[in-house]
Amino acid sequence: MSIIGSALNEDALLQTIKKKEVLNPGKGNHPYSEMVHVAFGVDENYAMSAGVAMTSLVIHNPDYQFCFHLFLDSLRAEDYQRFLQFSEEHRTVVQIYYLDREAFSALPTNGHITQATYYRLIIPLALKDIAQRVLYLDSDITCLD
């Protein structure tokens with residue numbers, strides 16, 4: 001299924017989510033409505049970078065409870081273990097959304113735009129019933145405050 005042929009409609013975008021996994025559900029100190037929801041759209045090459053950004057957010061903002069949403073097409077086993085360890089150590093919920101990479105294969109890419117660039121289109125649809133606001137971040141950032 002290509003999302004191009006379906007004119008990027010909501011149902012087609014949501015159908016690109018093949019699996020959702022929640023690491024440490026209920027381990028946060030606050031209900032979802034009080035958490036700061038932060039989303040990343042990455043491929044497996046940037047999963048570790050997203051982890052660095054997540055860690056910097058948690059460390060430099062200890063008064064906030066975060067819920068991280070990772071939209072990706074695949075995840076190496078060692079990166080999965082790192083996210084699991086992160087969620088346990090920081091008592092933080094991490095939700096992983098595995099996307100159908102093929103659905104994005106017809107979209108244009110170049111050296112700066114990859115298929116993962118388009119994963120952010122799904123975020124507002126997938127989280128509309130979970131969070132009133134979501135902060136989208138590129139994975140190549142570090143939070144200092």
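User: Buried means under 20% relative accessible area, exposed means over 50%, and partly exposed lies in between (1.4 Å probe, protein chains only). Is F86 buried or exposed?

Analyst: This is a predicted model, in which local features need pLDDT of at least 70, side-chain atom pairs count only at pLDDT 80 or more, and totals for chains, interfaces and linings use all residues. Residues are numbered from 1 along each chain as its sequence is written, and side-chain values use heavy atoms, with hydrogens and water left out. F86 belongs to helix α3. Its relative accessible area is 8%, so F86 is buried.

User: Which residues does F86 touch, not counting those up to four places away in sequence?

Analyst: Contact here means heavy atoms within 4.5 Å. With residues up to four places away not counted, F86 touches M54, T55, V58, F68, T92 and V94.

User: How many helices and strands are there in the protein chain?

Analyst: Helices (H or I, at least four residues) and strands (E, at least two) are DSSP runs, numbered from the N terminus. Along the sequence they follow the pattern α-β-β-α-β-α-β-α-β. The protein chain therefore has, under this definition, four helices and five strands.

User: What is the radius of gyration of the protein chain?

Analyst: The radius is taken over C-alpha atoms, and the globule rule is 2.2 Å times the number of residues to the power 0.38. For 145 residues the rule gives 15 Å, and the chain is close to this, so it is as compact as a globular protein of that length. The C-alpha atoms fill a box of roughly 45 × 30 × 25 Å along the principal axes. The radius of gyration is 15 Å.

User: What share of the 145 residues counts as buried?

Analyst: Among contacts between residues at least 6 apart in sequence, 79% join residues at least 24 apart. Under the cut-off for buried residues already stated, the share of the 145 residues is 45%.

User: Where is V94 placed, and which residues is it in contact with beyond its neighbours within four places in sequence?

Analyst: V94 is in strand β4. At 0% relative accessibility, V94 counts as buried. The C-alpha atoms of V94 and P108 are 30 Å apart, while the two residues are 14 apart in sequence. Beyond the neighbours within four places, V94 is in contact with E21, V22, L23, M54, F68, L70, F83, F86 and S87.

User: What is the relative accessible area of Y97?

Analyst: Y97 also has its place in strand β4. Leaving aside neighbours within four places in sequence, its contacts include I17, K19, H69, F71 and I130. From Y97 to L75 the C-alpha separation is 10 Å, across 22 residues of sequence. Y97 is buried, with a relative accessible area of 2%.

User: How many disulfides does a search of the whole structure find?

Analyst: A disulfide is a pair of cysteine sulfur atoms within 2.5 Å. The search finds zero disulfides. C67 is in none, as the nearest cysteine sulfur, that of C143, is 17 Å away. At 0% relative accessibility C67 counts as buried, and the number of disulfides is zero.

User: Is C143 buried or exposed?

Analyst: C143 is in no disulfide, and the nearest cysteine sulfur, that of C67, is 17 Å away. Its relative accessibility is 10%, so C143 counts as buried.
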